[in-house]
Amino acid sequence: MAIDPKHIAGVDEAGRGPLAGPVVASAVKLQKDHGIEGLGDSKKLTAKKRESAFEQIMEKAEDAAVGIVSSKEIDRTNILAATHKAMKMALGKLHTKPKRALIDGYPLKTQMIPNKGIVDGDAKIESIMAASITAKVTRDRIMEQYHVIFPKYGFNTNKGYGTKQHMDALASEKACPIHRKSFAPVKANLPTMKWISKSKRIGRLGEQLSALSMLSNGYRILELNRTCGHHGEIDIIARKEGTLVFVEVKSGKKEQMGDLSLKVDEIKKQKLKDAIQYYIQMEEPVFTNIRLDVCTVLFKTGTPKIEFFRGVD
């Protein structure tokens with residue numbers, strides 16, 4: 001007996017080949033008469049058409065979910081294992097378990113859901129097309145946020161692929177925290193703490209790590225290093241729900257120790273508040289709440305220690 005299409009999940013991924021960023025997979029179930037226009041292989045659609053189709057999928061699909069596996073996990077395992085994990089995550093996040101899954105390319109092993117691999121499925125099966133679009137748009141949006149934090153690499157346009165601009169930036173700037181360190185071009189351009197210190201990039205790296213931490217906690221990063229007239233610079237501007245957050249970042253190495261947050265004294269706080277008022281007057285943002293935070297980043301052996309002090313008076 002034929003399975004109702006709404007019980008079949010199409011599965012595809014985006015981001016196996018890039019040098020930076022996560023791999024993202026999506027699983028989508030569609031009604032027989034789903035009414036979604038513009039489905040197709042995401043790689044052959046324009047960004048505008050993908051966005052339009054994505055919004056329709058989110059509204060009209062029977063069910064849709066994504067799985068995201070970070071660059072760190074890609075380095076711990078390998079890109080194939082990470083891709084399979086992302087696909088299984090996406091299937092596991094569907095509200096109801098599908099009776100069957102159709103995978104773009106090759107079938108998934110050790111998967112509880114019966115599945116079949118279809119070569120070029122993203123050009124043949126509508127549910128796989130929808131999954132392809134959902135994975136691609138989701139990943140592109142992630143990379144656009146990374147571009148705000150790491151603007152030198154052109155992530156907003158290359159999405160982490162090895163374009164000339166990206167490769168040139170790798171050579172001059174070295175790899176950043178979201179690069180895939182196990183990939184050869186990145187491995188050849190890993191920064192050392194000595195290089196970071198010598199090139200006077202500790203402060204900037206601290207700001208970037210702080211922004212990454214905020215991003216992982218649901219904030220949208222709006223800007224880094226915003227100059228506010230003669231009042232100075234705001235390190236990070238972000239938002240979460242109805243709150244606009246301004247962050248001052250203090251970074252240092254282990255030998256500097258001490259409480260880095262104490263470096264934000266009353267004079268500095270007043271300068272930051274003046275800078276925030278300048279920003280508000282210039283941009284006229286509409287937010288219910290405005291908050292000033294301080295973040296400290298202590299570079300030591302192993303993983304840097306990041307602490308947030310929220311709502312600094």
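**View 1. E241 is found in the loop between strands β7 (233-240) and β8 (243-253).** Welcome to a predicted model, where local features need pLDDT of at least 70, side-chain atom pairs count only at pLDDT 80 or more, and totals for chains, interfaces and linings use all residues. Residues are numbered from 1 along each chain as its sequence is written, and side-chain values use heavy atoms, leaving out hydrogens and water. Strands (E, at least two residues) and helices (H or I, at least four) are DSSP runs numbered from the N terminus. Most residues other than glycine have a negative phi. E241 is not a glycine, yet its phi is positive, at about 55°. With a relative accessible area of 74%, E241 is exposed (exposed is over 50%, buried under 20%, partly exposed in between; 1.4 Å probe, protein chains only).

**View 2. D120 lies in the loop between β5 (115-118) and α4 (126-149).** Here is another residue other than glycine with a positive phi, near 60°. D120 counts as partly exposed because its relative accessibility is 49%.

**View 3. Helix α3 covers residues 79-93.** At the start of α3, the backbone nitrogen of L80 has a side-chain oxygen of N78 within 3.1 Å.

**View 4. The buried residues of α3 are I79, A82, T83, A86, M87, A90 and L91.** An α-helix has 3.6 residues a turn, so residues three or four places apart point the same way. The cover over the buried residues of α3 includes β1 (8-14), β2 (23-29), β3 (63-69), α2 (71-76) and β4 (100-104).

Definitions and conventions:
Expected span 1.5 Å × (residues − 1). Contact = heavy atoms within 4.5 Å. Polar contact = N/O pair within 3.5 Å; in protein donor to acceptor, adjacent residues only side chain to side chain.
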